[in-house]
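Subject: Structure for you to look over

Dear colleague,

I am handing over the structure we spoke about, and my notes on it follow below. Please read them with the model open beside you.

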Amino acid sequence: MRSKGRGAAARRRGGDWPIGDEGGGASGAGRDAGGSGGDRGAMLQLCIPRGGGRALLGVRLLRGPPPGTTRPLSYQPIRKVLVANRGEIAIRVFRACTELGIRTVAVYSEQDTGQMHRQKADEAYLVGRGLPPVQAYLHIPDIIRVAQENGVDAIHPGYGFLSERADFAQACLDAGVRFVGPPPDVVRKMGDKVEARAIAIAAGVPVVPGTSSPVSGLSEAQDFARRVGFPVIFKAAHGGGGRGMRVVRSPEELEESFSRATSEALAAFGNGALFVEKFIERPRHIEVQILGDQHGNVVHLYERDCSIQRRHQKVVEIAPAARLHPELRARLASDAVRLAQQVGYENAGTVEFLVDQSGDYYFIEVNSRLQVEHTVTEEITDVDLVHAQLQVAAGRSLPELGLRQENIRVNGCAIQCRVTTEDPARGFQPDTGRIEVFRSGEGMGIRLDGASAFQGALISPHYDSLLVKVVAHGPDQPAAAAKMSRALAEFRIRGVK
């Protein structure tokens, strides 16, 4: 068959039909409110796994289901998606939407008027007028208003900002707009580390020794530390990303660390509650990518090693994890799926574990959203996770998408490095300014996901310092590392550090 507009021909496969019944928006149209999108014919995609495996996302944009098949009762086409985020993740979602024939809507703060994610959407609307830069993207009423006024079917939260806020997921549903993520109750349970820990215990998943609920004060934390011994770690009960996290190695450090962790958690998440765990020395940080649908199916897409961190922030991510015993890999994946099934998990998520030097592992948290490092999983499995998120939100089942566990295979190795605008001479403090020179490393096996990575881009002081994500894929880890080293050496960036 022949596609319309910018589409490409693709072979028809059984069980495949479009997520939207009409041709959607085209990423890069750069139109504000009221702009037309030009030729928006359906984009057809043919994903052929490397090596001939069957680990593919069965998304083929055709004009109807194959003869003799019926759509599930819960299937509701998505025709327009708003991304409640900015930067590279907004553009990543816009691209996936365009490939699926879905129109795209951006929101932007007053400080982001000239940012690229606004230009990449079919429509763009200002939110949070008069608010501080970050608060604009946290203003739920404004985002919901834009969605309702402009015929939005679904909202994708990206990562950060509102992505793990149960009240935002609920506000979307209350407004008649689908939330591209888990149900609000699941977001709430997984966002509360204490409740998530209890769910893990109920599912038979090992956890780090720790308090069963947020500590009521310093004295309770001191009692726990005396009981299990130092070192211990404070963690924010209502958020992650390294904020509100403090390692305590002696009784003398306990009071100051408790005070600082409480303040950090309160500033970052609006809640200063902390819980305390035994600190595992020099562990590996292994996380398992999961996908669930509205029909009770859950699969894993293997693991990522995120052990290379600075101040509890991931810097380099590798998939699959090297030197991980096959039996340990299988147990981690099995426990991740069992935990997801325990809570009725839907859409994409990540189950995170610590693996100690003796090979024992412990559940630490669930991120109920797409991760920054989802790219490496996509590269080794040939599964487009954002496509899958959108299809699941529309009511499609994982088997319909070709996502059965036995079909998901690992092919090679992928490494992601985060290029950030930070000044090493100032303790890696974020740097700002205008990029005067930008040349990227490219070539076979290199993927670049970014938003402000171009000459003349203005780097804002108000948001995350991530400039571009560099992903290298090769047949094994040494090959992927060689590609990454070569690509990073080719980068030339001037104007910011």
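R323 lies in the loop between β11 and α10, where helices (H or I, at least four residues) and strands (E, at least two) are DSSP runs numbered from the N terminus. The phi of R323 is near 50°, a positive value in a residue other than glycine. The loop between β11 (313-319) and α10 also holds P320, and the peptide bond that leads from A319 to P320 is cis, with omega near -10°. A further cis peptide bond, with omega of about 0°, joins F230 and P231, and P231 is placed in the loop between α8 and β6 (232-236).

Before the rest, a word on how to read this: the model is predicted, local features need pLDDT of at least 70, side-chain atom pairs count only at pLDDT 80 or more, and totals for chains, interfaces and linings use all residues. Residues are numbered from 1 along each chain as its sequence is written, and side-chain values use heavy atoms, with hydrogens and water left out.

Helix α10 (residues 326-343) packs with helix α7 (residues 193-202), their axes coming within 9 Å and crossing at roughly 110°; axes here are lines fitted to C-alpha atoms, for helices over the stretch in contact, and angles run from 0 to 180 degrees between N-to-C directions. The two helices α7 and α10 are therefore roughly perpendicular to each other (angles under 35 degrees count as roughly parallel, over 145 as roughly antiparallel, 65 to 115 as roughly perpendicular and the rest as oblique). In this contact (heavy atoms within 4.5 Å), I199, A200 and A202 of α7 meet L339, Q342 and V343 of α10. By class, the contact of α7 with α10 has five nonpolar residues, one polar and no charged (Ala, Val, Leu, Ile, Met, Phe, Trp, Tyr, Cys and Pro count as nonpolar, Asp, Glu, Lys and Arg as charged, and the others, Gly among them, as polar).

Helix α8 (residues 218-228) and helix α9 (residues 251-269) pack at an angle of about 135°, with their axes 10 Å apart, and α8 and α9 are therefore oblique to each other. On the α8 side L218, A221 and Q222 meet L254, E255 and F258 of α9, a contact of α8 with α9 that has four nonpolar, one polar and one charged residues.

Lastly, there is a lining to look at. β5 (178-179) and α12 (385-393) each supply at least two residues to the lining of the second largest pocket (on a 1 Å grid over the protein atoms alone, a pocket is an open set of points where a 1.4 Å probe fits, with protein on both sides within 12 Å along at least five of seven lines, and lining residues have an atom within 4 Å of a point). The residues of that lining divide into nine nonpolar, seven polar and two charged.
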